[in-house]
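Biologist: Let us go through this model together. I will ask what the labels rest on.

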Amino acid sequence: MNEETFLSKEVEYRVLEGKKGVIEAYDGMATDYDYSEFLHWTRRMEEGEERIIKGWIGNLLTPILDVGCGTGRYSIEFAEKGLEVVASDISLKMLKKVIEKAKKHEVLERVSLLLADGEHLPLRDRSFNALICTLTFDHFEDCESAAREFSRVLKKDGLCILSTFNSYTLDDFKRRNNLPSDKVPFRTEELSPVLIYEDGHSANEIGELFAKNGIDVVGVKGCCYWHLLPMGLVKYYKTTLDSFFNLFKSLLKYAEIHTVLMKKR
């Protein structure tokens, strides 16, 4: 892999290109991803996302495919509810963390591990009643292929939950921090600063993409409406405010994350 460096606000990043770069970054973060102080804002965004998604997951039927499962924050929860789940990720080291958690929570018998790329799933057609993909879809360079694959492995009437970084707010973040248009920064105590591929998608963009592949949107919500506050007040933002802002569809544009509930035709 050709590697270069990028200087932004006096922080020097290694630029990791393409899919190999995403794998290298997440392998490097796996050990301390769940507690790294450098991922404070990631935790804040996950908290907001989870408040919404946990209102939907009660409708999911087994078996469930968790694409881009990371360290297993949803896969383990599904297994604890007695559901069968296939935890899939492109990072082997992330999957090893899922195994550790599954053993700790005594649910390993309900969690199957799959090292796979979401753009090319090695799974049979119509084999899952539900699919969840949280904060992973934006790392796919070929989103058309990923949408086709999600549709292919879902059964008729199967539910799909997707969360993405809103393209409007993510692009604004990149501009304000002088970052490349297709890269986002990551670092932890174990991983030195890197830039990897990530391109946001609004709920409308997701709806149009998946509709072409036989999956229709049935619910949309946003979280982390930080763009509505002055920068100095962002650190005081409470995720409970998301419920209020979601009452106004016109404000969805300003949510950092868009969560979408969809159903296969």
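Modeller: Start with Lys183 and its contacts. The model is a predicted one. Beyond its neighbours within four places in sequence, Lys183 is in contact with Val15, Leu16, Glu17, Lys174, Leu195, Ile196, Tyr197 and Glu198.

Biologist: What makes these residues contacts of Lys183?

Modeller: Contact means heavy atoms within 4.5 Å. The residues listed, Glu17 and Tyr197 among them, are in contact with Lys183.

Biologist: What makes the link between the side chains of Lys183 and Glu17 a polar contact?

Modeller: The distance is 3.1 Å. The cut-off for a pair of N or O atoms is within 3.5 Å, and one must be able to donate a hydrogen and the other to accept it. Therefore the pair counts as a polar contact.

Biologist: Which value stands out at Leu135?

Modeller: Phi of Leu135 is near 50°, a positive value in a residue other than glycine. Most residues other than glycine have a negative phi. Leu135 sits in the loop between β6 (128–134) and α5 (143–153).

Biologist: How do you know whether Leu135 is buried or exposed?

Modeller: Its relative accessible area is 12%. The limit for buried is under 20%, so Leu135 is buried.

Biologist: And why is Asp157 given its accessibility label?

Modeller: Its relative accessibility is 41%. Partly exposed covers the range between buried, under 20%, and exposed, over 50%. So Asp157 counts as partly exposed. Asp157 is in strand β7, residues 154–165, and its phi is near 70°, a positive value.

Biologist: What is the peptide bond from Thr62 to Pro63 called?

Modeller: That bond is cis, with omega near -5°. Most peptide bonds are trans. Pro63 lies in the loop between α2 (40–53) and β3 (64–67).

Biologist: How do you know that β6 and β7 pair?

Modeller: Pairing needs at least two bridges. β6 and β7 have six bridges, so they pair, in the parallel sense.

Key:
Residues numbered from 1 in each chain as written. Predicted model: local features only at pLDDT ≥ 70, side-chain atom pairs only at ≥ 80, totals over all residues. Heavy atoms only, no water. Helix = DSSP H or I, 4+ residues; strand = E, 2+ residues; numbered from the N terminus. Buried < 20%, exposed > 50% of the residue type's maximum accessible area, 1.4 Å probe, protein only.
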